Amino acid sequence: MDQGAGAGAGPQRARGRLGAPSSGMRAPGTPWARFSAWLECVCVVTFDLELGQALELVYPSDFQLTDKEKSSICYLSFPDSHSGCLGDTQFSFRIRQCGGQRCPGHAGEKRGDRGAPASLQREPAHYFGYVYFRQVKDSSVKRGYFQKSLVLLSRLPFVRLFQALLGLVAPEFFDKLAPCLEAVCNEIDQWPAPAPGRTLSLPVMGVVLQVHIPSRADTPESGPLEPSGHETLLPASVVLPSVHELDLFRCFRPVLAHVQLLWELMLLGEPLLVLAPSPAVSSEMVLALTSCLQPLKFCCDYRPYFTIHDSEFKEFTTRTQAPPNVVLGVTNPFFIKTLQHWPHILRVGEPKMSGDLPKQVKLKKPSRLKTLDTKPGLYTAYTAHLHRDKALLRRLLKGLQKKRTSDVQTAVLRRHLLELTQSFIIPLEHYMASLMPLQKGIVPWKTPPQIRPFRQDDFLQSLERSGPQLTCVLKGDWLGLYRRFFKSPHFDGWYRQRHREMTQKLEALHLEAICEANIEIWMKDKSEVEVVDLILKLRERLVRAQGHQLPVKEATLKRARLYIDTAISSLPKDLQAVLCPP
């Protein structure tokens with residue numbers, strides 16, 4: 001795959017993009033509001049002999065991208081010259097949004113995110129790019145090849161859904177071009193919102209995709225897709241078993257012997273370079289690795305496909321500081337030379353889909369790294385804290401011998417990783433819950449008690465009686481693993497999230513205590529300042545509760561509104577006018 005000619009000047013915006021730019025997020029009821037609940041925009045990237053990679057089309061045409069974002073999309077939408085991808089290829093990338101969190105989203109989307117599992121909430125500061133690239137011989141083109149990519153840009157990590165959508169749309173688009181794309185975007189603009197817990201029918205190009213949007217309330221054993229509430233499902237042409245889960249067994253086939261070690265590296269947020277033969281293998285391996293920790297949110301940066309042209313290349317390859325906490329998927333062997341100071345490098349070869357287990361990559365010392373002719377292997381000096389689960393490998397090998405489907409093998413592997421993560425997290429959850437003040441200590445007219453601080457030594461001592469050994473048969477240095485986990489971004493992310501949820505629960509319990517008390521008795525000996533202070537605090541809690549930030553029942557909210565009215569009516573008319581302006 002040659003990106004050389006004309007690429008020196010960098011990717012350009014091709015002529016012909018219509019419309020003036022506007023901001024990304026659209027409020028409900030405005031044009032493209034339903035579309036933007038799923039996608040930010042659709043891009044077409046082509047290879048122009050004079051310009052190099054060029055952004056030929058952005059749809060809707062008024063969607064705003066910065067020059068840096070356009071450049072990243074152009075480079076990441078084409079395999080680099082080492083991949084030699086002929087025919088059709090699908091892969092994905094993830095880019096940082098320039099200027100940070102530009103679009104906070106409207107209230108409906110925020111509520112939807114709160115019902116979604118932490119690992120599947122929309123990204124506020126990154127875009128996912130889902131790519132369908134075609135390179136075929138074409139004598140009518142000057143260079144002899146037709147090269148074009150159709151890219152879906154979204155904040156949702158629904159890789160399986162968007163790959164399926166591209167599989168339907170892209171072949172048709174390459175034949176019929178822009179009119180087809182406009183029709184598809186209009187169809188997506190009629191889709192219902194991706195609300196967690198709902199099973200939806202999504203019509204597109206004469207096909208109906210049936211999908212279930214994951215919810216926090218889902219269990220790993222959730223059965224077949226069932227409509228919930230008021231959904232009326234159309235007869236489905238394609239039922240997707242998941243919007244986000246990859247074929248984990250296929251992705252991990254060459255590294256099954258090291259799945260637990262890789263799980264530990266992900267848990268600890270270690271920097272990892274994945275060198276693969278193509279963007280498809282690179283992006284699937286990175287996404288498979290980052291999904292290992294579910295239901296724990298992956299809190300580090302990750303790039304399913306990354307090139308030397310990326311705007312963050314210098315940031316990630318600097319030697320003046322420790323390697324960043326990022327999982328980087330690449331196809332250019334140049335990265336092995338540039339990043340040979342990184343502690344962990346995984347090189348995988350071409351996927352082999354024979355019935356037998358492919359040759360497993362070997363654990364090798366980083367000193368064995370050769371720059372350009374490095375053989376497949378996991379190059380690391382890391383020693384796993386936990387003993388390898390040989391029973392898992394035996395079970396998967398038996399599945400291969402019995403010719404079990406990849407779906408069944410993936411279910412075995414996913415359950416193993418889920419149980420491993422849960423065994424690790426449950427003791428932390430139990431200890432965290434013990435830091436919550438007792439409910440009897442929450443009284444109406446006093447500031448609620450504080451959540452007690454997390455003391456790492458106290459937690460480690462608690463492991464003797466309530467550690468992971470209660471739910472996991474694996475032996476090893478669990479204490480050492482927890483000690484390293486405390487220094488990782490994942491502990492910080494988990495602790496912040498749990499502390500925020502507990503604080504909200506505490507505020508909700510305090511509001512309930514106030515609403516169960518007799519406000520008129522309390523007001524009898526209180527000054528006007530104290531009454532006004534209570535009104536303002538109740539109003540602030542009410543706003544947060546109505547924004548779904550506090551877990552409060554509707555009856556409590558009604559009572560709080562009544563208390564506010566009662567308190568205001570007890571004040572002099574001039575103060576009432578200030579608190580309730582006409």
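Here are some notes on the structure above, a predicted model, taken point by point.

1. Let's start with the whole chain. The protein chain runs to 582 residues, and 52% of them count as buried. Its secondary structure comes to 19 helices and 15 strands. Now look at contacts between residues with a separation of 6 or more: 74% of those in the protein chain join residues 24 or more positions apart. Keep that in mind when you trace the backbone.

2. Next, the greasy parts. How many residues does the largest nonpolar core have? The count is 108, and the residues with the most contacts inside this core are Trp38, Leu161, Phe252, Trp263, Phe424, Leu428 and Phe454. Another core lies apart from that one; this other core has 24 residues, including Leu511, Met523, Leu557 and Tyr563.

3. Setting aside residues up to four places away in sequence, Phe424 touches Trp263, Leu267, Trp478, Leu481, Tyr482 and Phe485. Several of those names come back when you turn to helix 14, which covers residues 478–485. In helix 14 the buried residues are Trp478, Gly480, Leu481, Tyr482 and Phe485. What do they pack against? Their partners are helix 7 (259–267), helix 12 (406–434), helix 13 (456–466) and helix 15 (489–516).

4. Leu470 sits in the loop that links helix 13 and helix 14. Is Leu470 buried or exposed? Leu470 is exposed, because its relative accessible area is 60%, and the cut-off for exposed is over 50%.

5. Thr556 counts as buried because its relative accessible area is 11%, and buried means under 20%. Which residues does Thr556 contact, leaving aside its neighbours within four places in sequence? They are Leu511, Glu512 and Cys515. You have already met Leu511, which is among the residues of the 24-residue core.

6. Now for empty space. Rolling a probe the size of a water molecule over the atoms is a way to see where such space is left. Searching the whole structure turns up one cavity of 30 Å³ or more, and the largest cavity has a volume of about 50 Å³. Its lining is made of Val42, Leu150, Leu152, Leu165, Leu166, Val169, Leu181, Val184, Cys185 and Ile188. Sorted by class, that lining holds ten nonpolar residues, no polar ones and no charged ones.

7. Where does the lining of the largest cavity come from? At least two residues each are supplied by strand 6 (145–154), helix 4 (159–176) and helix 5 (178–188). Helix 5 gives the most, with four residues.

8. There is also an open sheet to trace, built from three strands in the order 7-8-9, with mixed pairing. Strands 7 and 9 are at the edges and have a single partner strand each, so one side of each has no neighbour in the sheet. As background, strands of a sheet pair through backbone hydrogen bonds, in either a parallel or an antiparallel way.

9. Both kinds of pairing turn up here. Strand 7 (residues 199–204) pairs with strand 8 (residues 207–212) in the antiparallel sense, over six bridges. Along this pair, Leu202 is opposite Leu209, and Pro203 is opposite Val208.

Terms used. Residues numbered from 1 in each chain as written. Predicted model: local features only at pLDDT ≥ 70, side-chain atom pairs only at ≥ 80, totals over all residues. Heavy atoms only, no water. Core = buried A, V, L, I, M, F, W, Y, C linked by side-chain atoms within 4.5 Å. Buried < 20%, exposed > 50% of the residue type's maximum accessible area, 1.4 Å probe, protein only. Contact = heavy atoms within 4.5 Å. 1 Å grid on protein atoms, 1.4 Å probe; cavity = no way out; pocket = protein on both sides within 12 Å on 5 of 7 lines; lining within 4 Å. Points joined across faces, edges and corners; volume = space filled by probe spheres on them. Nonpolar A, V, L, I, M, F, W, Y, C, P; charged D, E, K, R; others polar. Pairing = 2+ DSSP bridges.
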